Amino acid sequence: MKYTISDLQQMYRSYRMKALFLLLLLAAALVFVFQNHILTLAALAFAVLFHLCVVRPWQKKYVNAFTCANLEHTLCPKLNTPSVSEKNAVHITPSLMQKAALMPFHQTSSTPLLRWELSGQIRGLSFSLCDAVLAQDFKLVEKGKQRVHMNTGVWIHIELSKDTGLNFRLLDENSVPTPIRMDFFSEESLYISSPVPDAELAKCFVLYHPAAEDTPVLPNRFLRELKKLKDYTPGYTAVSIHDKQLDIFIRNRFLTRPVSVRQAPTEELLNFDPFPELRYLLDLADAL
């Protein structure tokens with residue numbers, strides 16, 4: 001493990017000491033208000049610089065360290081991987097995401113933003129996942145101003161153990177804004193929509209497949225496992241299946257959870273599973 005609970009507690013104490021010193025600087029500036037305006041301005045200026053150059057960077061360092069340790073203690077053992085990549089996603093790439101043809105996104109040097117990637121083996125499957133921020137272009141009217149919707153969530157890529165012979169996209173209507181989704185599939189490889197073969201899923205999911213191919217026959221077990229995932233997760237799921245490739249995007253779910261700097265790190269917080277949907281995703285993959 002890169003960080004132990006002792007390391008985090010030490011970092012947290014150091015951060016608290018720096019934050020306390022910042023409060024003392026502000027208190028001194030308040031006292032100087034009644035004595036000397038020059039000293040007041042000097043104290044405030046030093047407090048601002050101390051906050052920007054010391055307190056904020058140290059806070060970010062602590063939050064990142066806690067996030068890394070949380071993932072190493074919870075998801076890494078399940079994926080049989082020793083570490084997590086904070087910034088540089090290697091297995092989940094923009095080209096892989098484009099190949100999945102699940103949703104549009106604008107690609108530049110800064111987007112999509114892929115962070116906190118984990119990759120490993122579980123139940124004999126090659127499994128990768130990361131937090132993703134996707135910039136999706138849209139217009140409110142046909143000739144209107146180009147706007148950008150930031151779609152955030154977890155992207156999961158699974159290499160299945162066998163070729164499914166399937167090629168379809170199944171999206172919760174809330175996983176991608178409807179105008180963006182409809183424009184994408186009307187232009188992307190001539191995809192067309194078909195009825196979802198399950199009454200419950202049909203209330204909120206839409207099915208797409210290549211126009212040149214027959215409507216796919218979705219396995220009943222796969223539909224049952226997808227309903228379990230839908231009922232469990234507070235996010236919105238989009239699924240892409242193409243032969244042996246399974247890609248899933250869950251909007252509004254993240255591997256990283258908010259880290260409070262008001263509360264000291266504990267073993268309980270460190271071992272809190274940030275993404276319990278993992279077992280539902282594995283059952284979904286096993287159903288194919």
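This is a predicted model: local features need pLDDT of at least 70, side-chain atom pairs count only at pLDDT 80 or more; totals for chains, interfaces and linings use all residues.
**Exercise 1. Work out how helix α6 and helix α8 are oriented to each other, and which residues meet.**

Step 1. Start with the general idea: two packed helices are described by the angle between their axes and the distance between the axes.

Step 2. Get those values here. The axes of α6 (residues 220–232) and α8 (residues 278–286) cross at roughly 165 degrees and come within 8 Å. Angles over 145 degrees count as roughly antiparallel, so α6 is roughly antiparallel to α8.

Step 3. Now list who touches whom. From α6 come R221, F222, E225, L226, K228, L229 and Y232, and they meet Y280, L281, D283, L284 and D286 of α8. Sorted by class, that contact has seven nonpolar and five charged residues, with no polar ones.

**Exercise 2. Find the strands that pair with β8, and decide whether β8 is mostly covered or open.**

Step 1. Look at one partner. Strand β3 (residues 146–159) runs antiparallel to β8, and seven bridges join them. Pick out I158: its bridge partner in β8 is L246.

Step 2. Look at the other one. β7 (residues 236–242) is also joined to β8 by seven bridges, again antiparallel. Here I241 has L246 as its bridge partner in β8.

Step 3. β8 (residues 245–251) is mostly covered, with six of its seven residues buried.

Methods. Residues are numbered from 1 along each chain as its sequence is written. Side-chain values use heavy atoms; hydrogens and water are left out. Axes are lines fitted to C-alpha atoms, for helices over the stretch in contact, and angles run from 0 to 180 degrees between N-to-C directions. Helices (H or I, at least four residues) and strands (E, at least two) are DSSP runs, numbered from the N terminus. Angles under 35 degrees count as roughly parallel, over 145 as roughly antiparallel, 65 to 115 as roughly perpendicular and the rest as oblique. Contact means heavy atoms within 4.5 Å. Ala, Val, Leu, Ile, Met, Phe, Trp, Tyr, Cys and Pro count as nonpolar, Asp, Glu, Lys and Arg as charged, and the others, Gly among them, as polar. Buried means under 20% relative accessible area, exposed over 50%, partly exposed in between (1.4 Å probe, protein chains only). Two strands pair if DSSP finds at least two bridges between them.
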